[in-house]
Amino acid sequence: MLRIQNVSKTYPNGTQALKNVSFDVADGEFLVIIGLSGSGKSTLLRCINRLIEPTEGKIIWDDVDITAASPAELRKIRRTIGMVFQQFNLVKRSSVLTNVLSGRLGYANPWTSLLGIWPQEDIAQAMQALERVGIAEKAHSRADALSGGQQQRVGIARALMQNPKLILADEPVASLDPVLSHSILQYLEQLNKEGITVICSLHFLDLVHRYATRVVALKDGVKVFEGSAKEIDRAKFKEIYGEEAQEVRAASL
Amino acid sequence: MPLPRLLRNTLITALVIAAFVISYRVTEADFPRLFRDLPKGRELLTAFLTPDVFTRDLETRTVSIVFPVPCGSASVEEVFPAEGPRLVPSVNCAAPLEKFTLQGFDLQPNSEVVIRWRLPDERTMTAIRTQTDANGYFSQEVQARPIQASVNGVASRLEVDTLTPVGGLKPSQALKDVLDNMFVTIFMALLSTTLATLIAAPLSFLAASNITRKGCFGTGVYYLFRSFFNLMRSYDPLVMATVFGFWLSFGPFPGFLALTVVTIASLGKLFSEAVENIDPGPVEALQATGAPPLHTVRYAVVPQIVPDFVSYIIYHWDINVRISTIIGFVGGGGIGYYLNLSINDFKWNQAGTAIWAIVIVVWAMDFLSAEVRKRLT
Ligand SMILES: Nc1ncnc2c1ncn2[C@@H]1O[C@H](COP(=O)(O)OP(=O)(O)OP(=O)(O)O)[C@@H](O)[C@H]1O
Ligand SMILES: [Mg+2]
């Protein structure tokens, strides 16, 4: 259970990216966060694992206050939270395998891993993770030799190395060809069915309808909707996205 | 134009002209001399252009005959051979200072000939040098010794050495010395670049804003190292070498130290900029996995900076070869020092060898560093 309680974030330049946002995420949910560009989706996701420090509020994960954790405790918490990024955030010049293995750094022996030496079971797990996302044969390619869709699958494999209980995905398909979106989201859906909680920000409403078990909408840093995807009718849509907005479907692109 | 402005402009123009005149005077600029001194320069240039690079072994063969000076001061009891390598003087003896012709037959062909007097007390005096033709023949006018050269009835002799180059070309002593000194210079540059890299690489992370500049302490460290690099960088290596030279007495070591310090600063600055220019995405991703900070740097930062680092290191090695040549010139050892010595000894061909070596090495380093850097991206 993840509880987000009255979280606000004001950036040093004065931008108020989140304003008193609260909601709970039950274990096993596929929660989708929607909202216009600049509404605070990335900020919210990064507050959960404190890549960004929230200015106010608490985030409680399995009865542990993440916001109060010491640096060492925070690292332990982060190990159980995988993260997938819009820009994949792979080390381009490193091999796919090394990128996947680096997801294991929170657990690995600090001395040998610093030297780049990995135990056989970690390598086996990495190969298994790559097999799950269907690119085991690319293990020894350089990461930047892969297509965008393949790179995102490496990103997912890296998150899998953490044996995560929660995956945060910040617009995981926004940099990809829309037709590839489903192939990526299906991996996340599969993991979700195996019991991993997923919190994911998305742009296209048809994807939201297809994958979300629940939706939270942000507008200018304020939570303006919380409920199931079906509840987003025309009026709600206009409220979230503004009067000018037209619904665009990934499938129609 | 209003008068004050006109006045001001005139004043500025006058000052600029004055500045030019003064600088012309102090630099003793004398452009016509460039042409007037051309013949002198050409001689030097020829020496430089014919560097001392190869030699061949010389085989020396000697033939001699008795030749009393003056006539009758000693008996001539030798039989002159009629064939084989032999010397045939136009007279069998001569009065002091008398001129006669000496011919040589069937000697070593195309060889340098040294004609000598061998006096009874075993002293030798070189009379003259000449050259044999393709048949081993020479003919040369020789002047007899100025005073009596035979003692107690023992005649003075005429000796002729033929010096024939044998075997293939081999490197001259100058070339060997130049290569030795070049190695000193190249390795002095390599060692100082290596040492500087070992020190600058870790420090550069402390001077990179995206790594260090967090919190009060981090910001302090960041500014400390940044200003350290900037300060050290502004010193010229030559000036630094001179300072170290007074402290540690001149030689390769102070030059090496000066080069190292300047390289640390320069590489530190370049390295920290490379660190600052990385893609922050992978760093964020690894922080999110709970990786410790050092491991985040190792896995997310290091792979991104390796090409830049390597290219800067090679670039600096290239620069340091040039600088250590110059430092050598002011007493820091290596090829620069050797060049300085050669010039002071007026050994222009030897200096030419050194200059050619410098040109070739600098060119090769330049080419190599450009090639490697091209491949790295
Ligand atoms: N580091 C920062 N410093 C200052 N302001 C920031 C920073 N990061 C984000 N912001 C601002 O905070 C607000 C929310 O940004 P955020 O990136 O969370 O939005 P988003 O919903 O993820 O948008 P997008 O769909 O474009 O990714 C925006 O107004 C943005 O300009
Ligand atoms: Mg975003």
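Before I start, I need one term: a polar contact is a pair of N or O atoms within 3.5 Å. I also remind myself that this is a predicted model.

**Entry 1: the ligand's contacts.** One of its oxygen atoms is 2.4 Å from an N or O atom in the side chain of A:T43. For the side chain of A:S42, I found an oxygen atom of ligand 1 at 2.6 Å from an N or O atom. I then checked the cover: on its own, ligand 1 has 630 Å² of accessible area, and the protein covers 63% of that.

**Entry 2: the ligand's shell.** How many residues surround ligand 1? I got 14, and A:S37 and A:G38 are among the closest. I sorted the shell into 9 polar, 3 nonpolar and 2 charged residues. Helix α1 of chain A, residues 41-48, gives the most to this shell, with 3 residues.

**Entry 3: a helix with a buried side.** Next I turned to helix α9 of chain A, residues 234-241. Which of its residues are buried? I noted A:F237, A:I240 and A:Y241. They lie on the same side of α9(A), because they cover an arc of only 80° around the axis. I also looked up what covers these buried residues, and the list includes β3, α8, β9 and β10 of chain A. Last, I stepped past the end of the helix: A:G242 follows α9(A), and its phi is positive, near 95°.

Methods: Residues numbered from 1 in each chain as written. Chains lettered and ligands numbered in written order. Predicted model: local features only at pLDDT ≥ 70, side-chain atom pairs only at ≥ 80, totals over all residues. Heavy atoms only, no water. Near = heavy atom within 4 Å. Polar contact = N/O pair within 3.5 Å; in protein donor to acceptor, adjacent residues only side chain to side chain. Areas by Shrake-Rupley, 256 points an atom, 1.4 Å probe, with all protein chains shown as cover. Helix = DSSP H or I, 4+ residues; strand = E, 2+ residues; numbered from the N terminus. Nonpolar A, V, L, I, M, F, W, Y, C, P; charged D, E, K, R; others polar. Buried < 20%, exposed > 50% of the residue type's maximum accessible area, 1.4 Å probe, protein only. Arc of directions from axis to C-beta. Contact = heavy atoms within 4.5 Å.
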